[in-house]
Amino acid sequence: MATAKKAEKKKILVIVESPSKAKTISKFLGSRYTVVASVGHVRDLPKSTIGIDIDNDFEPKYINIRGKGELIRQLKKDAKKASRVLLATDPDREGEAISWHLAHILDIDPESNCRIEFNEITKKAISEAVKSPRPINTNLVDAQQARRVLDRLVGYQISPLLWRKIKRGLSAGRVQSAALKIICDRENAINEFVPEEYWTVSADFKKGKKFTAKLAAFEGKKISVANCEQADEIEKKLSGGEYTVSSVEKKLTRRRPYAPFTTSTLQQDASNKLNFNTKKTMMIAQQLYEGVSVKGHGTIGLVSYIRTDSVRLSDEARAAARDMIVDKFGERYWSSNFYTNKKKEIQDAHEAIRPAHVDLLPEDIRDSLTADQFKLYNLIYTRFLASQMSAAEFDSMTVLIDNGPYTFRATGSRVAFEGFRKVYSTAKGEDDEKMLPELAEGEKLIPSAVNKEQNFTQPLPRYTEAALVKELEDKNIGRPSTYAPIVGTLVERRYITRSRKQLVPTELGFTVNGMMNDYFKEIVDTDFTADMEDRLDDVEVGTIPWKRVVSDFYEPLSTDLKRADEEIEKVVIEDEPTGEMCELCGKPMVRKQGRFGAFIACSGYPECRNTKAIVTAIDVKCPKCGKDIVQRRSKKGKLFYGCSGYPECDTVFWYRPVNDKCPECGSLLVEKGKEKKKSCSDPECKYKE
């Protein structure tokens, strides 16, 4: 009897990566299961050494991660007490590798049915997953091992070279260095760009409403106007002729909805529409995936798995979208849209990013979400819903107007049927209608003005984070999990800076990129990096052994390393003089780059350690002493505003002050949030505008 009672108490142990995910899943599985978290990886390559036996076919030397000893002991204890262990890490290469390492630590046969996976954290998905365990997919594990070993070989062998030749603390990486080259190449192209002059000629007309037609052709061929003289000559010839409508074309055009989000398109859209950087987007998306407490529903996952290259939707998700669209907008707004992945069959293992519960409308659960969670959930929800809606339809009109051999073109359109745009807009200002008036062939028109405008060709813009992610995706560099950390790493290494959302390479970035380009061409070559991604995918589908991929990569790398070490002379990056002299030792003060940005320091370092912050006045006077308020950073990098008379005056604001006083207490007002709403700087005063 006692033995039977003891056996009844044994539970099934489910191991996931994060505590919040464990909390959500445990509510779905009930009392027969114990759900715990590994808190990410439990084994990895050591930090102190390269951790790869290069002479022994690149065998990795994994160790238990420092600081996880107690967690591992607890996992072993839980596994020993359990009737069985199910490994429920994320459904991708990284998740498969974590399960493989857990199996090793917990003495679980990786070929046994110990692995479960799910694309969304819902009760139905979890219940189905625990009924269908499978062996660990060693091809997925090998693909992750290949990436990890390749990145370690690059990072731990090129980075020390950068330390010796340029500066300590620098790093190189397969995807990171290719991304830096893309940014530097764009900056070089901008700097080398030579603007070319061109002119546009247009005519304004009015028939009930005003419209403008642009000069498009001469004697039926496309025309370009290079300078003012040509523009003046054309204007002169036009003045002697008359304007006649030669063609009126009307047609119905359609604009299909976009596919649902992949990781990269989510990052791009969140940047463009919500002003989120990639790191923030992925952090909030992870929260929505792992589980949020929703009133009336408990803690539930709101979106499907967030690291995916796939645009595919399950039949179940498409059916739920159809029901929602037809019920809310009518049959005409629904369309049976299928989206396929152009690149590889392995992408079909996952779905696109979509809401886990189509019946949970963003507005209905707004009160359960933070402001940023709501914005991102709303973006994911509307993109998914729009992907299953009808195309938007436009009445379009193109008119050609002749004056002798010159032809002008005017276009206009208006929305005939909203379709998917009922829920999702694709571009800023696209809702502006500009339909032309009714015109007939042979109709004579008299212009109210003929306009000439000088223009100059413009270089390509610098990359924003969203544009860089798109470029990396288009060039097949990196994978969804690697996009978010790239810019952060480049900024942290001070290879680039952010300027009004644009990514600008620094002198250090150019120096590192130049060295990489001269001696490690393959690593920074986008085609080579893309080919390596394809080879890693080949490992995943089992068509090539992972160690062969590593071996083929390392052979030329080792040759390049030897040549670089022999040929490169130490690079000295001069600090920028400020024109000031150190008040302590009399040596010149220079501008340096630190962890939290630029600062001023004595050039006599380390003998003299005098430093100063670079401060920026904000045109607001201190309410205590009348001196300038300046922008500063704390030791932890947090932005604040303080009196330039510090330490004599200790006035400080954590939000940007403005030259307006609180009508209730007389303190300065400060701007808070993206909307820059004004409120009183005195914490005791609750005044807000």
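User: Looking at Lys678, is its side of the chain buried, partly exposed or exposed?
Analyst: Heads-up, this is a predicted model: local features need pLDDT of at least 70, side-chain atom pairs count only at pLDDT 80 or more, and totals for chains, interfaces and linings use all residues. Residues are numbered from 1 along each chain as its sequence is written, and side-chain values use heavy atoms, with hydrogens and water left out. Accessible areas come from the Shrake-Rupley method with a 1.4 Å probe, and for residues only the protein chains shown count as cover; buried means under 20% relative accessible area, exposed over 50%, and partly exposed in between (1.4 Å probe, protein chains only). Lys678 comes in at 24%, so it counts as partly exposed.

User: What are Glu533 and Arg147 like, buried or exposed?
Analyst: Their side chains meet in a salt bridge at 2.7 Å, N to O. Glu533 lies in helix α17 and Arg147 in helix α6 (residues 138–165), so the pair ties together parts that are 386 residues apart in sequence. As for cover, both Glu533 and Arg147 are buried.

User: Which helix holds Asp372, the salt-bridge partner of Lys280?
Analyst: The closest N and O atoms of Lys280 and Asp372 are 3.0 Å apart. Lys280 sits in helix α10 (residues 278–290), 92 residues away from Asp372. Lys280 is partly exposed at 23% relative accessibility, and Asp372 is partly exposed at 24%. The helix with Asp372 is α12 (residues 371–387).

User: Which helix gives the largest share of the negative patch?
Analyst: Patches take residues with over 30% relative accessible area and no salt bridge; like charges are joined within 9 Å, nonpolar side chains (Val, Leu, Ile, Met, Phe, Trp, Tyr) within 5 Å. Lys and Arg count as positive, Asp and Glu as negative, while His and the chain ends are not counted; a charge is placed at NZ of Lys, CZ of Arg, CG of Asp or CD of Glu. This patch is made of Glu522, Asp525, Asp527, Asp531 and Asp538. Three residues, the largest share, come from helix α17 (residues 526–540).

User: Which residue is the bridge partner of Thr497 in β19?
Analyst: Two strands pair if DSSP finds at least two bridges between them. Strands β18 (residues 496–499) and β19 (residues 502–505) pair in the antiparallel sense over four bridges. They form a hairpin with two residues between them, and Arg500 in the turn has a positive phi of about 50°. The β19 partner of Thr497 is Val504.

Definitions and conventions: Salt bridge = Lys/Arg side-chain N within 4 Å of Asp/Glu carboxyl O.
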